[in-house]
Amino acid sequence: MNYLNEDIDSLNQKLAQGTLSADKLAQDTVANIKQTDKKLNAWITVQEDAKVSEELNFSHNKLAGIPIAIKDNIMTDGVKTTAASHILDNYLPVYDATVIERLKKAQATFVGKTNLDEFAMGSSTEHSYFGVTHNPWNLDKVPGGSSGGSAVAVASGQVVAALGSDTGGSIRQPAAFNGIFGIKPTYGRVSRWGLIAFASSLDQIGVMSKRAKTSAQVLNVIAGSDDHDSTLSTRDVPDFTQFIGQDIKGLRVGVPKEYLSDAVDAGIRTVVEEQIAALEAAGAIINEVSLPLTKYVVPDYYIIASSEASSNLQRYDGIRYGYRADDTKNLLDVYVKSRSEGFGEEVKRRIMLGSFALSAGSYDRFFRQAAKVRTLICQEFDDIFAQNDVVVGPTTTTPAFDIGSEISDPIKMYNNDILTISANLAGIPAASVPAGLVDGMPIGLQIMANRFDEGSIFKTADFIERTNKFYEKKPAGMED
Amino acid sequence: MNFKSTIGFEVHFELKTKSKIFSPSPVSYGAKQNTETNVIDWAMPGVLPYVNKDVYRLGIMVALATHAHITPVTHFDRKNYYYPDSPKAYQITQFFEPLARDGYIEIEVHGKKKRIGIHEMHIEEDAGKNTHGTNGFSYVDLNRQGVPLLEVVSEPEISDPDEGYAYLEKLRKIVQFTGASDVKMEEGSMRVDTNISIRPAGQKELGTKVEMKNLNSFEHVRKSLAYEEKRQAQVLLSGGRVQLSTRRFDEATGKTVLERVKEGDADYRYFPEPDLAPDRISQEWIDEIAQTLPKSAQDRYDDYVNKYGLKPYDANVLLQTKESSDFFDETVAAGADPQLAANWMNTQVNGYLNDNRVSLADIKLTPANLAAMIKLIKDGTISSKIAKKVFAETIEHGTDPKKFVEDQGMVQLSDTSVLAPMVKEVVDNNPQSVEDFKNGKDRAIGYLVGQIMKQTRGKANPKVINQLLNQELQKR
């Protein structure tokens, strides 16, 4: 079956009433994925023997029996986890990520692992050892990245919800490109234990779904303190679904002028301004704000993220697990050949960039400076959130671009993330909610909030959803 | 030409925690390869470190004992390098903000006191261990991966090998008495790297440094430094240049041998560890730890000599290890006479440990039992001869000395109403001895005492018998 008209509540009802069995749901899901994925390539691994927990408790667990897609950089015990890299293409984890443990406890069903840019580095899901994923709205377009597989799995109706990870916009940008909701929670809200590290101080696991409420339901399960991750907050996690359906009267909405500059596609500006007008019409207070440091976020991000990545990826050295090159003469040869053959171009580019930024002569000029800029960006947001509940603007500067059109120009690809990166540098929660169509392709409205105030994001996103009813639209590429 | 030496030390101590610094794996010495490891130690994709806070506690103890300033907010950094025994290909250490800085210790060499500065001490994780098989394969054991280390870096204020030796001895003693580390060089819980440079007297800037790593005894440290002083002087005198290099000490020849020449420092690309949040070390916590800091060796020495009146030699023997000093202190606390306790510790107990190649932790003797036995001697319940039997029993089987003495009927006979008739009888039966005694041969008394001891199977109180014998003989 496909989930184009479903959400967790509707499925939960059918399962509880017995009009649908969880086993059948799992089998049909797998069958549909196998059918539709021929043109989408959203999955790296499909678990044909998807196991449904026994004695499902539908009234206690909203997620019981619900198939959920997992981005293939999140550890699942005994199921291949590859980070879309040749270097891990046969890797079988021996433990579960904390988020997986919690979803298992909530009796969710696992049907497989979704495609991504290798080690979550990229904005198009073209940098995958397992091939390009296609956008269901137009199969010639990229789905965005790096959580492109998860976004497509949701947008195409293969599943009702998916986990992604977001280091510089990897949940929000593909959510925008595919016309779905995607949220990156506050840094420290969801345990990173079991997420293959890209950039530790920026990475955050989040949720993608057609409806904001569905993501709230999944986030309820995966959020909260965990002894495995010392960067995690111990504060209480609210029930995020309580923010669904709330009135937005009096909501203070900041609109950064830098986010609606000429650098943003005119069609996108128009759609975003319409959504902001709708917020105002419903009683929200709109304030023009300024984020002057926006022009520095791309270089700042690429120094910090690549530096951390260059170190995080050193463990893939051919010694303990993963790919090891043949025909090596000595130890150095094992390292060099395994890494040269195992990593793709984009990953190598970032390892080089990060290694350079951290090197003895460069640390003070690059990494230290970048860390200082990051602190200033945090302050900029602190000032804005002293006066505003949320900040809104477009998620991306353009709609989804053509497959192959940007992959040879890394700088152009990096600049795609200019609107999403700030939230990662500041550690604040941010989401993308479908705002409308531009030239037949979906575009997203980005909503950011203060640290640990995901509630305001859900409240705003749910209002937008109810107003524009984008969720009723079907991706053009899925019509036979 | 006269040369001046500048010597520095980097000493690693394994901190005595139950589990590793960033994982729940246990820490013990000599376990089967790779049995004390988990996904964190293997650096499996997706794992995160988590700081074992006990590491801070032990590190702070050493910092306090060396008068160092403790950093209020400390965090870890990454030191990046590839090596098969380094699973993450980086080591988590403290580079930018070490645990403590600017400490010192006092040494005494040839009667002269000197203060040696401690530049810093930082916490880090140990790496695994490679072994190279004869079959062309190499093996990696990750049991040691993640064992917590405290690295103590001295200021280059040591000016000759004797001072170096004294510094190491003093540092070891200080750390040992905090209880933070086992300080066993043979088990690698204390590891010494040293460096030395020489320069002509009067020259200000330091000469080129030569490093020596993993020296396995203090004596080797002293010999290698002495050798290097001479070697480097010869190089300079013959117009050569000392190479920036790492050398090793060859035990067989007593010489140092070139291992590798350094072109410059390796680039470890240090940066703050993003997987760990910074930790605040509050003054309250430091004060709390200071309360639990065991007494230093120096303070104990002063007590032993000044308060208990022990000879410096005896005090030093007791202070050779923290275990023996603790054992002694507990024995005294349990009511034993300090001098007697010291005698028994330094002769009988040490003798037993040496003969059986065991340590105090392995034997059944407790301070309470040793104290009980010493009390029995002191109050005359048993003779020192009987005491040896009691001691043997107690140390072998952990038997309560008092109960053993009672059960075995070993209580000393001091009752004159029992002993007087026996004395009379022995004197009656040995007229020759009486004759000898009267002729001034003191030896005769010894013979008579022996006879009574024989009859009482050693239980008679020699003092009482002597007294009774003298009285009896005077009557004759």
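This passage describes how two chains meet in a predicted model, and then looks at some elements and residues within each chain.

Chain B brings 32 residues to it, and chain A brings 40 residues. The size of an interface is often given as the accessible area lost when the parts come together. For chain B and chain A this buried area is about 2,900 Å², with carbon and sulfur atoms giving 57%. Three residues stand out on the chain B side: B:Pro45, B:Tyr82 and B:Arg269 supply 23% of the area that chain B buries against chain A, more than any other three residues.

On the side of chain B that touches chain A, strand 4 (77-80) and strand 15 (271-272) each supply at least two residues. The residues of that side divide into 24 nonpolar, 3 polar and 5 charged.

Strands of a sheet pair through backbone hydrogen bonds, either parallel or antiparallel. Here an open sheet of 3 strands in chain B has the order 5-4-15, with antiparallel pairing. Strand 5 (90-93) and strand 15 form the edges, each pairing on one side only. Strand 4 is joined to strand 5 by 4 bridges, and within this pairing B:Asn80 has B:Tyr90 of strand 5 as its bridge partner.

Strand 1 runs antiparallel to strand 11 (residues 190-200), and 11 bridges join them. In strand 11, B:Met190 stands opposite B:Phe13. Strand 1 also pairs with strand 10 (residues 148-154), again in the antiparallel sense, over 5 bridges. There, B:Glu10 stands opposite B:Val153 of strand 10.

Chain A has an enclosed element too. In helix 4 (residues 148-155) of chain A, 8 of the 8 residues are buried, so the helix is largely enclosed by the rest of the structure. Among these buried residues are A:Gly148, A:Gly149 and A:Ser150. Just after helix 4, A:Gly157 takes a positive phi of about 80°.

A:Lys113 sits in strand 3 (residues 109-114) of chain A. Is this lysine buried or exposed? A:Lys113 counts as buried because its relative accessible area is 1%, under the cut-off of 20%. Its side chain makes a polar contact with the side chain of A:Thr81 at 2.7 Å. Residues that A:Lys113 touches include A:Trp43, A:Ile44, A:Asp72 and A:Val79.

The other residue, A:Asn388, lies in the loop between helix 11 (367-385) and strand 9 (390-394) of chain A. A:Asn388 is buried as well, with a relative accessible area of 3%. The side chain of A:Asn388 reaches the backbone nitrogen of A:Gly254 at 3.3 Å. A:Asn388 also touches residues including A:Arg252, A:Val253, A:Asn287 and A:Val289.

Definitions and conventions. Residues numbered from 1 in each chain as written. Chains lettered and ligands numbered in written order. Predicted model: local features only at pLDDT ≥ 70, side-chain atom pairs only at ≥ 80, totals over all residues. Heavy atoms only, no water. Contact = heavy atoms within 4.5 Å. Buried area = accessible area lost by both parts, 1.4 Å probe. Nonpolar A, V, L, I, M, F, W, Y, C, P; charged D, E, K, R; others polar. Buried < 20%, exposed > 50% of the residue type's maximum accessible area, 1.4 Å probe, protein only. Polar contact = N/O pair within 3.5 Å; in protein donor to acceptor, adjacent residues only side chain to side chain. Pairing = 2+ DSSP bridges. Lists of a residue's contacts leave out its neighbours within four places in sequence.
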